[in-house]
Amino acid sequence: MTPVRTEPSVLHLDLDAFFAAVEQRDKPSLRGKPVVVGGIGPRGVVATASYEARAFGIGSAMPTAQARALCPNAAFLGGRFDAYRAVSEIVMGLLRDLSPAVEPLSLDEAFADLAVTGSGWDVERVRTVAADLRAAVHDATGLTASVGAGTSKLLAKIASDLDKPDGLVVVEPGTELDLLHPMPVRKLWTVGPATAERLRRAGVHTVADLAAVDESELVGLLGQAHGKLLARLSRGEDDRPVSPHRESKSVSVEDTFERDVVERALLTETCDRMAATVSRRLRAASLSGRTVTVKIRRHDFQSHTRSTTLPGPTDDARTISATARRLLAEIDTSDGIRLLGVGVSGLVDWAQEDLFAEDAEDEAPEPTPEPAGPTVRRWTPGQDVRHAVHGDGWVQGSGVGRVTVRFETRWTPPGRVRTFAIDDPDLTERPAVLPGGGTPGAG
């Protein structure tokens, strides 16, 4: 193999069990205990499980109902994205102190290219810088990060996963194939479950098996682009640059109707179908994206769009559909729609499902809303709250007109639990507290 680089100057940082770790940091009573973060509805899925929860067999993308069966005593919490974003911004800032070439993949992981700052990145220097980075992350956020380094993005990302949690692995130049070849093919970028199954049926199980297959056979099995890509990756050849400014890309689909459509039910059905198509295209390309856009063209040919940006990139059809439905509900369709489109942009090439997606069907807006009744306050497990008498805490659970709160913060001992009426006027939502003690937008 002739690597593109001769120095292990590509870093990949991955925060360990990120969402769950933030919750354990901010909730002293949960430290050392199983914590599951994600969709908490009946068809929700796990986004992140703490290492204590993983010991019970709970993992990302598992249905929440299955996780509850495996560990009913775990804390099941919804997401607090203000807190996660605040931590992410700090970590990305530490990476940018090392290099101007930082490519975030999601809130909890990113590449950094050390070579843009000059040469001389031998193994020991890289190891020292990576160790200092991990220490800086812990000092600034209270969290641990695993760091991998290698001569390419492929090697750096694989390396960061080899010694979790709180690990550091530098792949020495010249040893890339020694590391790669014994690994299952699923470790390679763009190899998802469907591709792995196709390769398995062809007798390919490891990267070494893949490297032994003639490139023409891979092209016949997987297609021109994918076959050639995997042939290169099996040889450790990855020349993708670390891209701090990604090319703006999107995946979208749109239809022009034979007649102007005013029926909300038909538009919603079409929206769902388009979301499913977009999801399939994203997954086929091993992409995910953060921004969902709905485009309409009216009977008078005026075009309008509505967009929203999600907390993390997704390729999940339910998430795209539920988001597109909400955007469509903001548009007046009573005069007729001649074109409808759904798209996803802000793409990254390491697919990360939005596992906080709740039941898309349950969350979708109704075509004709019922007259508004009294507002019922909703409290989500894990949500930050403040009580006028008892101070700051977080929601443990709610139901049957009651809400249970544990009063503690990151800087206190484990706190007491109290229960209130769900509409207690003294209980209010509060912003997430940042690592430095402030709140989002403060200062």
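Trainee: What should I know about the numbering and the cut-offs before I start?
Mentor: Residues are numbered from 1 along each chain as its sequence is written. In this predicted model, local features need pLDDT of at least 70, side-chain atom pairs count only at pLDDT 80 or more, and totals for chains, interfaces and linings use all residues, while side-chain values use heavy atoms, with hydrogens and water left out.

Trainee: What does the pLDDT average over the protein chain?
Mentor: The average is 86, and 88% of the residues score at least 70. pLDDT is the predictor's confidence in each residue, from 0 to 100.

Trainee: Where does pLDDT stay under 50?
Mentor: Residues 350-354 are one such stretch, with 25 contacts beyond four places in sequence; a contact means heavy atoms within 4.5 Å. Residues 358-373 are also below 50, with 21 contacts beyond near neighbours in sequence. Where pLDDT is low, the predicted coordinates should not be read in detail.

Trainee: On to helix H8. Which of its residues are buried?
Mentor: Thr 195, Ala 196 and Leu 199, in a helix spanning residues 193-201. Buried means under 20% relative accessible area, exposed over 50%, partly exposed in between (1.4 Å probe, protein chains only). Helices (H or I, at least four residues) and strands (E, at least two) are DSSP runs, numbered from the N terminus.

Trainee: Which residue just after H8 takes a positive phi?
Mentor: Gly 203, at about 85 degrees.

Trainee: Switching to strands. How do S13 and S14 run?
Mentor: Antiparallel, with four bridges joining S13 (residues 384-387) to S14 (residues 391-399). Two strands pair if DSSP finds at least two bridges between them. Arg 386 stands opposite Asp 392 in S14, and the hairpin connects the two strands through three residues.

Trainee: How many bridges join S14 to S15?
Mentor: Five, again in an antiparallel arrangement, with S15 covering residues 402-406. Gly 397 faces Thr 404 in S15. The hairpin has two residues between the strands, and Val 400 in the turn has a positive phi of about 55 degrees.
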